[in-house]
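Student: I'd like to learn how to read a model like this one, feature by feature. Could you walk me through it?

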Amino acid sequence: MSFWDIVWFIIITFAFMAYLMVLFHIMADLFRDSETSGFVKAVWIIALIFLPLLTSLIYLIVRGKGMTERAQRDAEFIKKQQDAYIREVAGSSSANTPADQIAQARKLLDSGAISQAEYDQLKAKALV
């Protein structure tokens, strides 16, 4: 093998990997889009199987802007869900202030979940 054969192999491999990434993004976008009917999705998939390069180019030209908008919308939704979860977990974990910790310990004592001695230990720990 010559040097140029190796360079050509690297270029072809890069192009093939880029093409696969485009195909996976198109497939993910097709299944992500709730506004497109199942029949239209099936037509796109069949076209991707039989004329993959041409179909990929047409899809990117025709629906490229929509792909970006759907990806951004999904990213924003995921971020909102993550932020809400973090706020929920941070709020439901052990309270930040000693007064909140003592109040939670008092609720446990009143419900009978802990004894008076355990309550006193939790109260002392919160005040330290």
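Student: What should I know before I start?

Tutor: This is a predicted model, where local features need pLDDT of at least 70, side-chain atom pairs count only at pLDDT 80 or more, and totals for chains, interfaces and linings use all residues. Residues are numbered from 1 along each chain as its sequence is written, and side-chain values use heavy atoms, with hydrogens and water left out.

Student: What is the mean pLDDT of the protein chain?

Tutor: pLDDT is the predictor's confidence in each residue, from 0 to 100. Here the chain averages 90, with 95% of its residues at 70 or more. Among the elements, H1 has the highest mean pLDDT (95), while helix H4 (residues 98–111) has the lowest, at 88.

Student: How do I read the span of H1?

Tutor: Helices are DSSP runs (H or I, at least four residues), numbered from the N terminus. The expected span is 1.5 Å times one less than the number of residues. H1 covers residues 3–32, 30 residues in all, and its first and last C-alpha atoms lie 43 Å apart, close to the expected 44 Å.

Student: Which residues of H1 are buried?

Tutor: Buried means under 20% relative accessible area, exposed means over 50%, and partly exposed is in between (1.4 Å probe, protein chains only). In H1, the buried ones are Leu23, Ile26, Asp29 and Leu30.

Student: Is Phe14 buried or exposed?

Tutor: Phe14, also in H1, is exposed because its relative accessible area is 64%. Its C-alpha lies 21 Å from that of Ile49, 35 residues away along the chain.

Student: Which residues show the in-between class?

Tutor: At 33% relative accessibility, Val40 is partly exposed. The C-alpha atoms of Val40 and Leu30 are 9.3 Å apart, with the two residues ten apart along the chain. Gln82, in helix H3 (residues 52–92), is partly exposed as well, at 47%. Between Gln82 and Ala18, 64 residues apart along the chain, the C-alpha separation is 30 Å.

Student: At what angle do H4 and H5 pack?

Tutor: Axes are lines fitted to C-alpha atoms, for helices over the stretch in contact, and angles run from 0 to 180 degrees between N-to-C directions. Under 35 degrees counts as roughly parallel, over 145 as roughly antiparallel, 65 to 115 as roughly perpendicular, and the rest as oblique. H4 and helix H5 (residues 116–127) pack at about 175 degrees, their axes 9 Å apart. The two helices are therefore roughly antiparallel. On the H4 side, the contact uses Pro98, Gln101, Ile102, Ala105, Arg106 and Leu109, and H5 supplies Gln116, Tyr119, Leu122, Lys123, Ala126 and Leu127.

Student: How do those contact residues divide by type?

Tutor: Ala, Val, Leu, Ile, Met, Phe, Trp, Tyr, Cys and Pro count as nonpolar, Asp, Glu, Lys and Arg as charged, and the others, Gly among them, as polar. This contact has eight nonpolar, two polar and two charged residues.

Key: Contact means heavy atoms within 4.5 Å.
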